[in-house]
Amino acid sequence: MGKTSKDKRDIYYRLAKAEGWRARSAFKLMQIDDEFKILSGVTKAVDLCAAPGSWSQVLSRRLFENDQNARIVAVDLQPMSPLPGVIQLQGDITQLETAEKIISHFDGENADLVICDGAPDVTGLHSLDEYMQSQLVLAALNITTHVLKREGNFVAKIFRARNITLLYAQLKMFFRDVFCAKPKSSRQSSCEAFVVCLGYNPPTDYVPSMWNPLRLPTYEDLEKSTPINQRIVPFVACGDLHGWDSDRCYPLDIDDLLGPLPEKYIYREPVQPPTEPAYKHAVELRRKGALAKATNYLAQTIKHHVPKIQSETGIDDEVIEGFENFFISD
Ligand SMILES: C[S@@+](CC[C@H](N)C(=O)[O-])C[C@H]1O[C@@H](n2cnc3c(N)ncnc32)[C@H](O)[C@@H]1O
């Protein structure tokens with residue numbers, strides 16, 4: 001693939017290089033700020049998971065415009081090239097000592113704003129990646145409860161995945177308003193979005209803590225915490241971990257069967273099939289051969305657009321061919 005193909009495919013990547021941003025993510029933060037004005041009046045900001053540093057660049061450009069003495073602390077596991085005016089800490093946001101180091105740079109005061117664009121290393125296993133991302137957001141929220149001032153704001157990257165409503169509910173306990181923002185520079189095809197949490201207002205008696213209630217080993221551990229800390233909904237796995245796995249396909253004949261299934265497979269009708277299923281009419285039509293044949297619109301669309309896609313993106317023939325083989329069976 002040619003040197004220019006990424007520039008053709010990704011206008012924000014191209015713009016980032018032209019304007020001197022270290023990553024295209026800079027546009028995401030600027031677009032969030034344009035909408036929510038989260039950077040106005042901020043004099044102490046924390047950028048969690050900051051490397052290579054484009055969000056810190058946005059912070060420094062926009063904060064120093066109004067206040068030359070603004071303080072910006074950037075944290076990442078990875079080292080970062082220096083940025084003028086940005087204090088850099090190499091550390092893990094799941095650790096209490098990182099929170100303490102951040103605070104030490106604000107003369108004991110708390111921050112006006114915490115932002116987090118953190119992402120774990122992706123494995124390609126969607127469920128695992130979603131889980132790791134949600135754990136990182138919780139870690140960001142935990143450290144934020146140590147360093148953010150009352151009425152301060154918090155922005156974090158999320159994946160809009162299965163358990164996202166639980167996260168919204170948890171964030172709503174700590175902030176007056178919680179929004180889910182999707183900047184134009186974040187691809188529509190990606191489930192990435194950003195929670196914009198305004199007005200930090202933790203529940204009365206909440207004790208900032210670095211432990212993650214979703215990972216507590218026992219109920220006793222949960223009971224040791226304050227009542228309000230316990231209200232952060234714990235996730236409880238139920239059932240025998242050695243029992244049947246609902247996500248796995250099993251062969252019809254299985255050795256060493258547990259429970260009531262015979263070793264040799266026997267087909268059985270469902271105990272109570274639906275009495276008036278929604279699909280009944282469609283099944284009748286199909287039986288009579290009266291159901292319209294599905295058209296492979298995707299195949300037609302790909303065939304129609306391939307020459308245009310190729311000329312615009314520079315994707316080479318091999319990639320297009322693989323794509324066609326995958327979707328077009330006729
Ligand atoms: C998408 S990058 C951030 C990009 C950055 N906002 C920018 O604009 O340049 C995600 C970062 O999260 C960091 N990260 C992941 N887990 C972390 C953790 N536990 N503590 C600190 N940083 C972490 C990674 O090292 C990586 O640099």
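Leaving aside its neighbours within four places in sequence, with which residues is L48 in contact? L48 is in contact with V75, I93, V114, I115, C116, G118, A140 and I143, two residues being in contact if their C-beta atoms, placed from the backbone, lie within 7 Å.

## Basis

This is a predicted model, in which local features need pLDDT of at least 70 and side-chain atom pairs count only at pLDDT 80 or more, while totals for chains, interfaces and linings use all residues. Residues are numbered from 1 along each chain as its sequence is written.

## Nonpolar core

L48 also belongs to the largest nonpolar core, which has 53 residues; L48, V114, A140, V155 and A156 touch the most other members. Helix α6 (residues 126-147) supplies the largest share of this core, eight residues. Such a core is a set of buried Ala, Val, Leu, Ile, Met, Phe, Trp, Tyr and Cys residues joined through C-beta atoms within 7 Å. Buried means that 20 or more other C-beta atoms, placed from the backbone, lie within 10 Å of the residue's own. Helices (H or I, at least four residues) and strands (E, at least two) are DSSP runs, numbered from the N terminus.

## Helix α3

After α3 comes K37, with a positive phi near 55°.

The buried residues in α3 are S25, A26, F27, K28, L29, I32 and D33. They pack against the helices α2 (11-19) and α4, and against β4 (111-116), β5 (148-159), β6 (175-181) and β7 (192-200).

## Ligand surroundings

There are 22 residues around the ligand, and S25, C49, A51, S54 and D117 come nearest; a residue counts if its C-beta atom, placed from the backbone, lies within 6 Å. The elements giving two or more residues to this shell are α4 (54-66) and β2 (71-76). By type, the shell has 12 nonpolar, six polar and four charged residues. Here Ala, Val, Leu, Ile, Met, Phe, Trp, Tyr, Cys and Pro count as nonpolar, Asp, Glu, Lys and Arg as charged, and the others, Gly among them, as polar.

## Annotated positions

In an unreviewed UniProt entry, the annotation "binding site" covers G53, W55, D76, D92 and D117; such annotations may be inferred rather than shown by experiment. W55 lies in helix α4 and is buried, with 28 other C-beta atoms within 10 Å. Beyond four places in sequence, W55 touches S25, A26, L29, D47, A50, I115 and D117.

D117 is in the loop between β4 and α6. D117 is buried too, with 21 other C-beta atoms within 10 Å. Its contacts, leaving aside neighbours within four places in sequence, are S25, C49, W55 and K157.

Notes: Buried ≥ 20, exposed ≤ 12 C-beta atoms within 10 Å, placed from the backbone.
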